[in-house]
Amino acid sequence: MCYPKNKIKKSKFGYFTTTSGKKVTFFLAGTATIGLVLVNFVPHTVGLNYYKDFIQCYRNGEPLPISEKVAKRFSRAKDMLNIKKTVYPVETFSVFGFDLFNAGYTKSRFGIKIGVPVNYDYDSIDSVKWNEITYKNKEINWDSENGKLLKQSIVLTEAEQTFGFCKALLQAQTNSVILNSIFPAITFLAMYTFGRYLNLSQGLLSRPFGLRMVMYTILGSFGYGSWSFMKDYTQVTSDAEIDKKLSSLGSEFVTAGISFYDKQLKKNIALRELMGDDTYTAKGNVNYLLRQKSLPLTIRKSYFEEMCKKENEGLINN
C-alpha cells in the first residue's frame, strides 16, 4: 500500500541512518573514545598540579603544610623502596579525611603526588584537640563508644604510617593509571563496532528505532559489565601484589600491616555508626554492592596475620 509523502511519519532519528549521519556518528564515536582515554589520563599527567590543587586541604586560604616529622617518615618509606628523586618526582600534600591519597603516574615525567591526611600528624590521643575536628562537615560525638574507637583508629604509630606510605608508593608504581584510561575506551569502541556491525548486517537501520534501542541497551549493559570487571580485577590483583611486596620488607612490616588494617577496619566501623550511612559494611569493609573495586580490608588483614603465623612457626622450628 502506498501513502502520500505528507502522510509518512519520519523518525526524529532518521538523519543518523543517512550517509552524512553515519559519518557524524563515526566522528562522535571517535571523539568519545579519545575523550574516555583523556578524562582519566590527563589528571594524573599534564593536569596533575591542577588535580592536586583541587583536592588539597587548605587553611585560611593557604595549603596546609606537611610537618617535618611526617616528611621524615615519608622519606624513610621512599628509602625502603629505593625510590630516588632522579627516577621520578615525588611530592606530598595535605588532604581531607583520614586516608592517604595518591595521584600521578611513575612512568611519566610529572611523577606522583601523595596526599597525606591530617591525622598522620597526631602523636597520641591526648595531644589532639578533638572538639575542633569534624568529618564531612559533621560534628562527631567523641565521648561516645564509637567516638573513642575512632580516636584509637586514626592515631597511627610511626611504623603504621611508614607502612601506609609504602603502600601508597607501591600503588603509584602500578600501571593502574594507563589501564584505567584504556579500559573504558576499548570497551566503548568494541561495543560501538559490534553495534554498527549488527545495524549493517541485520538491516536494523531500516527497522523501528525502539528495536535498535533494545540492542543498544543490551550492548551498553554488557560493555559496562566488561569495563567493571577489567577495572576491578586489575585493582584487586594489584592490591594482592602490593601486600606481598610489603610483607617481603621484613617482619616489622608484617606486624605493622596487621595493626594498620585493623585500625582501618575499626575506623570504618566507627564512621558507619557515627555517620549513620552504609558506606562501610558492619565488618569495616567498603560497601561496593555489586562490584568489588578493591581487595576487602578483612582479607588484607588476614593475609598479614597468616604471614605472621608462618614467621612464628619458622622461628619455633628453628
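Why is strand E5 (residues 112-117) largely enclosed by the rest of the structure? Six of its six residues are buried, so the strand is largely enclosed. This is a predicted model, and the values below are computed from it.

E5 pairs with strand E3 (residues 90-95) through six bridges. These two strands run parallel. Within this pairing, glutamate 91 stands opposite lysine 113 of E5. E5 also pairs with strand E4 (residues 101-104), here through four bridges. E4 and E5 run antiparallel. Phenylalanine 101 has glycine 115 of E5 as its bridge partner.

## Overall architecture

The protein has nine helices and five strands. Along the sequence the order is α-α-β-β-α-β-β-β-α-α-α-α-α-α.

Along the principal axes, the C-alpha atoms fill a box of roughly 90 × 50 × 40 Å. Of the 318 residues, 38% count as buried.

Contacts reach across the sequence. Among those between residues at least 6 apart, 70% join residues at least 24 apart.

## Surface and charge

The protein exposes about 19,000 Å². Carbon and sulfur atoms supply 59% of that area. There are 42 positive and 28 negative charges.

Glutamine 161 sits in helix H5 (residues 158-172). Its relative accessible area is 0%, so glutamine 161 is buried. Leaving out residues up to four places away in sequence, glutamine 161 touches Val70, Arg73, Tyr120, Tyr122 and Leu156.

Glutamate 68 belongs to helix H3 (residues 68-80). At 58% relative accessible area, glutamate 68 is exposed. Glutamate 68 and glutamate 158 are 90 residues apart along the chain. Their C-alpha atoms are separated by 13 Å.

## Two loop residues with positive phi

Which residue has phi near 65° without being a glycine? It is asparagine 137. This residue lies in the loop between E5 and helix H4 (145-154). Asparagine 137 is exposed, because its relative accessible area of 78% is over the 50% cut-off.

Leucine 289 also has a positive phi, of about 60°, although it is not a glycine. Leucine 289 is found in the loop between helix H8 (251-275) and helix H9 (297-317). With a relative accessible area of 73%, leucine 289 is exposed.

Leucine 249 lies in the loop between helix H7 (209-247) and H8. At 31% relative accessibility, leucine 249 is partly exposed. What does leucine 249 touch, beyond residues up to four places away in sequence? Its contacts there are Met80 and Leu81. Leucine 249 and methionine 80 are 169 residues apart in sequence. In space they are 8.1 Å apart, C-alpha to C-alpha.

Methionine 307 is part of helix H9. Its relative accessibility of 22% makes methionine 307 partly exposed. Setting aside neighbours within four places in sequence, methionine 307 is in contact with Ser247 and Val254. How far apart in space are methionine 307 and isoleucine 112? They are 30 Å apart, C-alpha to C-alpha, and 195 residues apart in sequence.

Notes. Residues numbered from 1 in each chain as written. Predicted model: local features only at pLDDT ≥ 70, side-chain atom pairs only at ≥ 80, totals over all residues. Heavy atoms only, no water. Buried < 20%, exposed > 50% of the residue type's maximum accessible area, 1.4 Å probe, protein only. Pairing = 2+ DSSP bridges. Contact = heavy atoms within 4.5 Å. Areas by Shrake-Rupley, 256 points an atom, 1.4 Å probe, with all protein chains shown as cover. Lys, Arg positive; Asp, Glu negative; His and termini not counted. Charge placed at Lys NZ, Arg CZ, Asp CG, Glu CD.
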